[in-house]
Amino acid sequence: MLRTFLLLTLFCCAYTAEPLKIGLICSGSVTDGGWNQLAKEAIEQVKKELKAEVSILQKVTQDKAGDELRAYAADGYDLVIAHGYEFLTPAAEVAAGTTMKIAVSGADVARPGIVTLDFDVSQASYQLGVIAGTLTKSGKLGFVGGAPIPSVKACYRGFLAGARAVRPDVSVAEAYTSWDEPVKSKQQTEAFFAQGIDLVYHDVDAASRGVFEAVKERNARNPAKPVYVFGCVADQNANPICPDHILASAVIRLDATFRAVAESVVAKTFAAGVVRENLQRGTCVAVLNPRLIGTILTPEILAGVERAGKQLVAGSLIIPGE
Amino acid sequence: MNDALMVVIAAQAVTAAVPLVLAGTGELLAQRAGMLNVGIEGLLLTGCIAGFTGAALGGCAWIGLAAAIIAAALLAALFAWATVVMRCDQIVTGMAINLLAVGGSGTAWLVAQGQGYAELPANAGFSRGIVPGLSDATQAWLRDLPFIGPLVFDQYGLALAMALIAATAWWLLVRTRIGVIIHALGDAPDACAANGIAVRRWRVGLVILAGALAGAAGAYLSIMRTHGFSPLMTGGMGFVVLALVIFGRWHVGGLVAACLGFGVIDALQSHLQSRGLNAVIPYQVFQALPFIVALIALAAMRRGTSGPRLLGQAWPTER
């Protein structure tokens with residue numbers, strides 16, 4: 001009797017393998033239409049495909065990240081993705097004392113025990129810059145970022161290089177407001193327009209609403225001199241605020257990256273190091289707004305974007321560093 | 001002329017000052033009566049989410065504005081009950097109101113996500129233009145007036161309400177018996193009571209009025225300025241209001257001047273950033289600029305006795 005019971009227990013254990021438990025720590029709200037929302041959608045995709053158990057924490061600050069990671073470790077999570085550059089240091093500290101696997105998004109430096117996921121959007125930004133340099137009337141472009149962290153600065157450098165490649169006299173005004181405060185980003189974008197800037201690229205999260213709102217208002221006021229904007233991180237081309245004035249978005253294909261990390265945990269091949277996602281791998285790409293192809297986005301512009309893309313992939317074109 | 005940098009900055013300053021003056025006027029009236037509510041940030045945030053929810057579900061900006069005013073007034077009523085009736089510490093209660101609003105607005109936002117009304121329906125927000133209902137041609141004529149066009153008419157609807165409310169508050173405080181009573185409530189509540197004035201009822205009323213005004217300021221941010229909600233979108237504005245009330249020495253004129261001054265420096269930092277000064281000075285300096293100026297000005301100002309004498313104290317003092 002006892003033997004049958006033990007056998008049954010063993011049998012059950014073998015066949016009801018524990019599902020993979022994944023935690024996601026976000027720096028902002030998962031409804032920001034950008035960086036954090038993208039992560040939530042990607043992790044839900046992974047949850048579906050790998051039948052994993054998933055937990056998401058929102059608006060986690062840098063000082064809280066260590067505690068949250070330790071709490072996940074204590075709860076027996078297999079993998080936690082800390083979705084933001086600011087989590088790198090706390091993640092590296094926690095990783096030293098746990099068997100839980102930790103990945104940090106948006107960082108391009110290696111730390112012992114953790115995987116860092118580097119998303120190089122600078123090449124896609126270069127392609128957006130090519131569009132901007134061709135279309136700008138005033139020769140003045142604007143860039144608004146959440147904070148001047150390396151990944152955001154890379155977007156700015158790529159955008160500037162792309163625009164200068166087609167029109168050497170272009171200037172790109174650079175301003176940093178906040179990731180999640182649309183009131184501030186709107187005021188900043190209005191300031192851009194006041195100085196004659198007619199194309200704006202952003203790398204903010206929930207604050208993108210403010211940028212789009214400023215574009216919408218400006219165009220309603222002054223339809224003769226339209227202003228345009230680019231989306232970032234997520235495909236924001238269909239954003240309901242100003243869908244006819246978003247030329248293109250620099251998009252990260254985050255679901256592929258997250259799935260690969262989760263699978264490496266299942267297969268026990270998780271190894272510390274930097275995973276580099278970029279244009280070559282097809283994970284950080286420029287997506288043009290299909291509504292504007294053929295009208296504002298002329299065949300010549302499309303050809304220019306494609307040519308730049310080929311050169312960037314081939315390595316004959318390199319985005320200048322700092 | 002209206003494209004001149006000075007005019008653009010001045011117009012942006014007015015836009016930025018509207019919620020500050022609205023919430024600040026209410027807080028000033030309450031503080032004059034001895035009620036120190038540090039929960040303005042929470043009231044603003046409540047106004048933001050209630051305004052958004054009302055406009056999104058009701059399909060009309062006016063419903064949103066009403067919802068924002070009512071929700072924030074109710075939260076202020078809770079503060080009034082706790083501090084005036086239950087005699088809780090005003091600062092502690094105010095901070096609790098802030099925390100409550102952060103959690104409450106976040107939860108309401110999650111519900112909005114789940115129920116699928118995370119975006120305002122078309123035309124469910126107020127668009128730019130100061131007087132609702134005017135024809136497009138009239139609006140365009142008004143805002144093209146030199147100088148006063150952008151400053152006065154190319155604003156959001158509540159800018160007009162702000163001017164009316166601030167003027168009314170000034171008139172009430174300086175010219176009427178009600179003003180004398182409000183001053184006395186904060187300086188000598190015992191004397192008020194001796195004259196048959198219901199001190200606690202007045203204080204509750206003023207706190208609720210302040211809540212309603214903060215709610216309107218919150219609605220300004222969500223359904224007028226940005227046409228949407230994002231968590232913690234007030235970004236500490238409530239604490240700025242608190243500082244500006246003190247900075248304005250508890251006078252309506254001082255408050256309005258302080259808010260406009262803050263708005264000018266805030267707009268100026270946007271323009272300085274985009275004109276390449278980032279390369280020389282770290283951008284955080286620009287972001288902190290309005291706060292640095294406010295701090296220096298506060299420290300440099302002579303310490304006056306113009307404030308309410310018994311601010312933040314429960315009445316009656318002994319029970």
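Phe159(A) touches Ser125(A), Leu128(A), Gly129(A), Ala132(A), Phe143(A), Val172(A) and Tyr201(A), leaving aside residues up to four places away in sequence. Contact means C-beta atoms, placed from the backbone, within 7 Å. This is a predicted model: local features need pLDDT of at least 70, side-chain atom pairs count only at pLDDT 80 or more, and totals for chains, interfaces and linings use all residues. Residues are numbered from 1 along each chain as its sequence is written, with chains lettered from A in the order written.

The largest nonpolar core has 105 residues. Phe159(A) is among those with the most contacts inside it, as are Val80(A) and Ile102(A). Helix α6 (residues 150-166) of chain A supplies the largest share, eight residues. Such a core joins buried Ala, Val, Leu, Ile, Met, Phe, Trp, Tyr and Cys residues through C-beta atoms within 7 Å; buried means 20 or more other C-beta atoms within 10 Å of a residue's own. Helices are DSSP runs (H or I, at least four residues), numbered from the N terminus.

## Helix packing in chain B

Helices α8 (residues 177-187) and α10 (residues 199-225) of chain B pack at about 105°, axes 11 Å apart. They are therefore roughly perpendicular (65 to 115 degrees). Ile181(B), Ile182(B) and Leu185(B) of α8(B) meet Val199(B), Trp202(B), Arg203(B) and Leu206(B) of α10(B).

## Chain B against chain A

In chain B, 27 residues contact 29 residues of chain A. Elements giving two or more residues to the chain B side are α1 (5-32), α10 and α12 (252-274). α12(B) gives the most, five residues.

Note on methods. A residue is buried if 20 or more other C-beta atoms lie within 10 Å of its own, exposed if 12 or fewer, and partly exposed in between; C-beta atoms are placed from the backbone. Two residues are in contact if their C-beta atoms, placed from the backbone, lie within 7 Å. Axes are lines fitted to C-alpha atoms, for helices over the stretch in contact, and angles run from 0 to 180 degrees between N-to-C directions. Angles under 35 degrees count as roughly parallel, over 145 as roughly antiparallel, 65 to 115 as roughly perpendicular and the rest as oblique.
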